[in-house]
Amino acid sequence: MPKNKFQDVVFTIIMATVMVYGMVVYNVALNMGGVTNQTFVIALSELPIMVPIAFVLEFFIVGKIARGLAFSVMDPKTDKPQFITYAISICICCIMCPTMSLIAMFLFKDTHSFGTWIQTWGMNFPMALLYQLFYCGPFVRLIFRTIFREK
């Protein structure tokens, strides 16, 4: 895991990019009624908008809040590091998903209402949590460990 600010920036950029792309593919597929090759191409067009937003939110605001929440129930002296990682990931999803759903609703949906936001959030949360815990998180940590191999 990141050991300094530079590594934290790199990790957050990779995580935001992979997480946002996966969630945008999911939302484009929902809007199109299924997944086609075009789904993956259309999703690329939203990355320049959504990745910087996700990076800024996670790096400057959500990451600190999520770590605080996770460490209110986890003890680094007695709990396994992998469970602490899971707790932080879950807390980040619990904050980022409603926030990014709200932002995406205003940027990409025709209807801007409380109901539309709740529906978007409700559709995104299970996917975001499972994608983060089982695919995105482990994949990004593998990439990060490969880049910053300890000697």
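## Reading a predicted helical model

User: How many disulfides does the count come to?

Analyst: The count comes to zero disulfides. This is a predicted model. A disulfide needs a pair of cysteine sulfur atoms within 2.5 Å.

User: Is Cys93 buried or exposed, and what makes it so?

Analyst: Cys93 has 4% relative accessibility. Buried means under 20%, so Cys93 counts as buried.

User: Why is Cys94 called partly exposed?

Analyst: Cys94 has 40% relative accessibility. Buried stops under 20%, and exposed starts over 50%. The value falls in between, so Cys94 counts as partly exposed.

User: Where is Cys97, and what does it touch?

Analyst: Cys97 is in helix 3, residues 81-108. Leaving out residues up to four places away in sequence, Cys97 touches Ile92, Trp121, Asn124, Phe125 and Ala128. Its relative accessibility is 8%. That is under the 20% cut-off, so Cys97 counts as buried.

User: What makes the span of helix 3 agree with its length?

Analyst: Helix 3 has 28 residues, which should span 40 Å at 1.5 Å a residue. Its end C-alpha atoms are 38 Å apart. The two values agree. Helix 3 does bend, by about 30 degrees at Met96. A proline, Pro98, follows within four residues.

User: What do the numbers say about the span of helix 4?

Analyst: Helix 4 covers residues 114-147. A straight helix of 34 residues would span 50 Å. Helix 4 spans only 42 Å between its end C-alpha atoms. There is also a bend of about 55 degrees in helix 4, at Gln132.

User: Why is Thr12 called buried?

Analyst: Thr12 has 2% relative accessibility. The limit for buried is under 20%, so Thr12 counts as buried. Thr12 lies in helix 1, residues 5-32. Leaving out residues up to four places away in sequence, it touches Phe55, Glu58 and Phe59.

User: How many aromatic pairs does a search of the whole structure find?

Analyst: The search finds eight aromatic pairs. One of them joins Phe55 and Phe59, with ring centres 5.3 Å apart and 15 degrees between the planes. Centres must lie within 6.5 Å, and stacked needs planes under 30 degrees apart. Therefore this pair counts as stacked.

User: Where do Phe55 and Phe59 lie, and why are they called buried?

Analyst: Both lie in helix 2, residues 37-73, four residues apart. That is about one turn of the helix. In an α-helix, residues three or four places apart point the same way, because there are 3.6 residues a turn. Phe55 has 17% relative accessibility, and Phe59 has 10%. Buried means under 20%, so Phe55 is buried, and Phe59 is buried.

User: Which residues do ring pairs link into a cluster?

Analyst: Phe6, Phe11, Phe144 and Phe148.

Technical notes. Residues numbered from 1 in each chain as written. Predicted model: local features only at pLDDT ≥ 70, side-chain atom pairs only at ≥ 80, totals over all residues. Heavy atoms only, no water. Helix = DSSP H or I, 4+ residues; strand = E, 2+ residues; numbered from the N terminus. Buried < 20%, exposed > 50% of the residue type's maximum accessible area, 1.4 Å probe, protein only. Contact = heavy atoms within 4.5 Å. Expected span 1.5 Å × (residues − 1). Bend = angle between axes of the 7 residues up to and from the residue. Phe/Tyr/Trp six-rings, centres within 6.5 Å; stacked < 30°, edge-to-face > 60°.
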